[in-house]
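Here's a quick briefing to read with the structure open.

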Amino acid sequence: MAETNTSIKSSRQLRYVYSFADKVKSFPGLARRATWKVGKEDPRRVVHALKVGMALTLVSLLYLMEPLFKGIGKNAMWAVMTVVVVMEFTVGATLSKGLNRGLGTLLAGSLAFLIEYVADAPGRIFRAVFIGVAVFMLGAMTTYVRFIPYIKKNYDYGVLIFLLTFNLITVSSYRIDNVWNIAKDRMSTIAIGCGLCLVMSILVFPNWSGEDLQNNTITKLEGLANSIQVCVMEYFYDSAKQATEDDSSEDPIYEGYKAVLDSKANDETLALQASWEPRCSRYCHRIPWHQYARVGAALRQFSYTVVALHGCLQSEIQTPKSIRAVYKDSCIRLGEEVSKVLRELANSIRNKRQFSPQTLSNNLNEALQDLDNALKSQPQLVLGSRNGRTPNTPVQKLEEDTASARTPLSSVKNDYFSPRGCKSKEHSREQAKKVLRPQLSKSAIISLEFSEALPFAAFTSLLLEMVAKLDRVMDEVEELGRMAHFREFKDDDDDEIVVTCEKPKMIIAQNGMPSYGAE
């Protein structure tokens, strides 16, 4: 027996060793494929990596070249650290961190020298007490200020750098006499590092957060348009329910609205970073980047309806094809009109041209009227009438199912008070639950009068709700065009709308790179 256990244990160990060896062998291939995939998704990542390497090489010359090292000294390492921390993927992120770092260092240095000047006069003991009190008060106040939402959102990194620099200069001044030279070298090297980061970000293949935000908004509009169009077409031409084991990531409908649902944090980050960028619209007006975030919020509210519409395709109970065929043309037309509106809004943002709300509304109203006429022409289909039959109402059917499953109360009492001993109180409770629980299986639900009409009624109501929520999206895009001073709409400027079913590609904020770095 012991030999058998030992052999089993040794075989398991051998399997673990072989499995680990296989993983080691496959690691180079996995790493190569992952590296290629990251660069293929966004080639700008490769350019940004080269830019960071070039910036680090240039700033390292302060430490490597003897003449520069003699002028700055060992504090040249602060410039290298600044490049590592401040250099970000987009211009807005680099400007935000660079200006926060520079301003925080300057204010902290100025305040630290003021504290040093006041504490140096009376004596050494008073100086130590004064420095301790100043560090405590500034540390507590600065930490509390970081909880203010506006400061937390815009200047949290600058406040953190202010607190760090103030403590370094103030505390070290008690033991070091030439603290002014150390602070001067630190501020100069940080300025060199920030300046180099700004030059590399703005002048060498710049990546603008505003462009990413605008492209993301266009991609979301077109992705929702594709999702709606495909969803409506599949509902009428491909009624077979998709298997639950299918990979939803390959579904174009899912991909279209998933990019919108997951975009809240990305939109807010890009809008905040774009507000730091020195870019203007026509006639030198500031671009309202916050309005792009509002458009994204309206699209998220709109996408909830698209999610529900997609759920109609995977419903367990479906309306027969014969009933859906009666209203197919009107529903498809309404879905196409909604998709056209979304694509027109995307073209408006892409071309910085205002759109005509009246024209789009007229087309939607015509499609809605067409659907209304179709519903009025065949009301008996929507009301669930089955070839003139008058089946029992849902309440009657429920009562019949309950009555058929009901156990007489006398039998329950006899079982409960039976001296047989095997029928316990738990068994009686289980039977009572069976009495009160109606047996509504799928077949029972299908036998209800409105079971065939309700799925199509839900699908139609979602189309109408989609049109209602589309008004808010149009209003937000129209407000964006007004605030950004898009050029006026003209009939001859109306661009042709190209219908595509490409998989939407989202631009992730900072491309997965951390926005904060350790000091």
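Let's start with Leu61, which is partly exposed at 31% relative accessibility. Keep in mind that this is a predicted model. Leu61 sits in helix 2, and it's part of a nonpolar surface patch of about 710 Å².

**The nonpolar patch**
- Besides Leu61, the residues making up the patch are Met54, Leu58, Tyr63, Leu64, Met65, Leu68 and Met77.
- Helix 2 covers residues 44-64 and gives the most to this patch, with 5 residues.

**Aromatic rings**
- The count comes to 10 aromatic pairs.
- One of them is Tyr155 with Trp276, an edge-to-face pair with 6.0 Å centre to centre and 80 degrees between the planes.
- That pair links distant parts of the chain, with the two residues 121 residues apart.
- Tyr155 is in the loop between helix 7 (149-154) and helix 8 (156-172), while Trp276 is in the loop between helix 12 (264-274) and helix 13 (289-313).
- Tyr155 is partly exposed, at 31% relative accessible area, and Trp276 is also partly exposed, at 21%.
- Tyr150 joins in too: ring pairs link Tyr150, Tyr155 and Trp276 into a cluster.

**Charges over rings**
- Arg186 lies over the face of Trp78, 3.9 Å from the ring centre.
- Arg324 lies over the face of Tyr235, at 5.0 Å from the ring centre.

Note on methods. Residues are numbered from 1 along each chain as its sequence is written. This is a predicted model: local features need pLDDT of at least 70, side-chain atom pairs count only at pLDDT 80 or more; totals for chains, interfaces and linings use all residues. Side-chain values use heavy atoms; hydrogens and water are left out. Rings of Phe, Tyr and Trp (its six-membered ring) pair if their centres lie within 6.5 Å; planes under 30 degrees apart count as stacked, over 60 as edge-to-face and the rest as tilted. Helices (H or I, at least four residues) and strands (E, at least two) are DSSP runs, numbered from the N terminus. Buried means under 20% relative accessible area, exposed over 50%, partly exposed in between (1.4 Å probe, protein chains only). A charge sits over a ring if NZ of Lys or CZ of Arg is within 6 Å of the ring centre and within 35 degrees of the ring normal. Patches are made of residues with over 30% relative accessible area and no salt bridge: like charges are joined within 9 Å, nonpolar side chains (Val, Leu, Ile, Met, Phe, Trp, Tyr) within 5 Å. Accessible areas come from the Shrake-Rupley method with a 1.4 Å probe; for residues, only the protein chains shown count as cover. A salt bridge is a side-chain nitrogen of Lys or Arg within 4 Å of a carboxyl oxygen of Asp or Glu.
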